[in-house]
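Have a look first, then read on.

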Amino acid sequence: MKALVTRLDSFGDVLLAGPAVRAVAARADSVTLLCGPHGAPAARLLPGVDEVIVWDSPWTGFQPPQVDREEIDRLLATLAAVAAGTALILTSFHQSSLPTALLLRLAGVPRIAADSEDHPGSLLDVRHHRAPHAHEAEAALDLAEAAGFPRPDDGRLRVLPPPAARALTGPGRYVVVHPGASVPARAWSPGRCAQAVRALTAAGHRVVVTGGAGERDLTAYVAGERALDLGGRTGAAELSGVLAGADCVVTGNTGPAHLAAAVGTPVVSLFAPVVPAERWRPYGVPYVLLGDQGAPCAGTRARQCPVPGHPCLDEVTAHDVVAAVGKLVEAT
């Protein structure tokens with residue numbers, strides 16, 4: 001039996017789908033993962049994925065495309081050619097699975113499972129109700145089990161074996177600081193990040209600063225003269241190697257936090273409460289959560305901080321981060 005799994009969101013969302021993908025792969029002959037363009041680099045790192053189909057959905061993401069009939073027709077033809085016997089639709093707690101279910105029905109998928117609070121009509125064969133406060137990774141595993149795919153292992157996040165990163169990081173132990181985030185409300189301010197780098201180096205840690213190709217100015221500023229700046233020098237696989245070699249990773253609620261968890265590295269999570277930490281915290285590794293989880297922005301899903309001064313994160317100090325890093329490094 002061929003299986004299709006869909007997760008149409010971001011890099012981190014796809015990583016959190018990984019345990020459920022492995023559950024499907026343990027019972028299926030092959031697994032095709034349908035994901036969005038931001039999630040595709042993560043999809044290609046997941047064990048158990050045989051094929052990746054990339055499609056930019058009109059109902060997900062921060063800048064969704066317009067509905068295009070020809071584009072949808074092409075997608076339906078691609079999905080029909082997969083000839084999947086069953087499909088698992090993975091969504092966040094605030095999303096509807098039904099638009100994706102409709103497309104899969106039109107593509108001829110005979111059995112479809114998803115979380116849904118809305119009446120699904122004939123769109124779903126397995127309508128699952130997720131636990132109210134479940135972590136995203138656990139919710140995906142629960143759905144997989146309801147669809148007939150019990151968890152085959154410990155359920156932790158995993159990626160394919162990371163490449164060696166010593167050519168990038170140099171010899172010796174280090175702590176990673178990743179200052180960027182895809183959502184501005186979830187990022188610690190550059191000034192605070194730079195202070196943390198200085199404080200970490202003063203405390204005896206060697207610091208490596210990471211970031212994407214569009215974040216080179218940010219990483220250069222944060223690294224200053226004291227840290228190694230790898231901004232723009234790592235793709236997804238290379239970043240997994242850098243994070244795997246770190247003693248600890250300091251970052252916000254963004255994809256690299258979940259990638260660090262997937263390679264088993266502890267995380268100091270600067271977590272803005274615009275989404276609930278119980279659903280999105282680092283999963284399956286030691287972590288320290290910093291940030292005011294009762295701030296006025298809690299649960300708003302805001303992209304830009306609605307509170308002047310971004311107090312939920314910017315009241316966190318460099319000393320707080322040094323103490324959190326020390327706690328995690330001493331425990332490993």
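What share of the contacts in the protein with a separation of 6 or more comes from residues 24 or more positions apart? That share is 63%, where contact means heavy atoms within 4.5 Å. This is a predicted model, in which local features need pLDDT of at least 70 and side-chain atom pairs count only at pLDDT 80 or more, while totals for chains, interfaces and linings use all residues. Residues are numbered from 1 along each chain as its sequence is written, and side-chain values use heavy atoms, with hydrogens and water left out.

**Overall build**
- The protein has 14 helices and twelve strands; these are DSSP runs numbered from the N terminus, with helices being H or I of at least four residues and strands E of at least two.
- Its radius of gyration is 20 Å, close to the 20 Å from the globule rule for 332 residues, so it is as compact as a globular protein of that length (taken over C-alpha atoms; the rule is 2.2 Å times the number of residues to the power 0.38).
- The C-alpha trace spans about 60 × 40 × 35 Å along its principal axes.
- Of the 332 residues, 54% are buried, meaning under 20% relative accessible area with a 1.4 Å probe, protein chains only.

**The six-stranded sheet**
- Six strands line up as β9-β8-β7-β10-β11-β12 in an open sheet with parallel pairing (two strands pair if DSSP finds at least two bridges between them).
- β9 (228–229) and β12 (287–290) are at the edges with a single partner strand each, so one side of each has no neighbour in the sheet.
- Two bridges tie β8 (residues 207–209) to β9, running parallel, and V208 has L228 in β9 as its bridge partner.

**Around β4**
- Strand β4 (residues 86–89) is covered on both faces: T86 and L88 are buried on one side, A87 and I89 on the other.
- β1 (residues 2–7) runs parallel to β4 and is joined to it by four bridges, with T6 opposite I89.
- Three bridges link β4 to β5 (residues 112–115), also in parallel, and A87 is partnered with I112 in β5.
- Helix α5 (residues 98–106) sits in a right-handed β-α-β unit with β4 and β5; right-handed means that, with the strands pointing away from the viewer, the path from the first strand over the helix to the second runs clockwise.

**A look at L290**
- L290 lies in β12 and counts as buried because its relative accessibility is 12%.
- Beyond its neighbours within four places in sequence, L290 contacts residues including V268, F271, L313 and V316.

Note on methods: Buried < 20%, exposed > 50% of the residue type's maximum accessible area, 1.4 Å probe, protein only.
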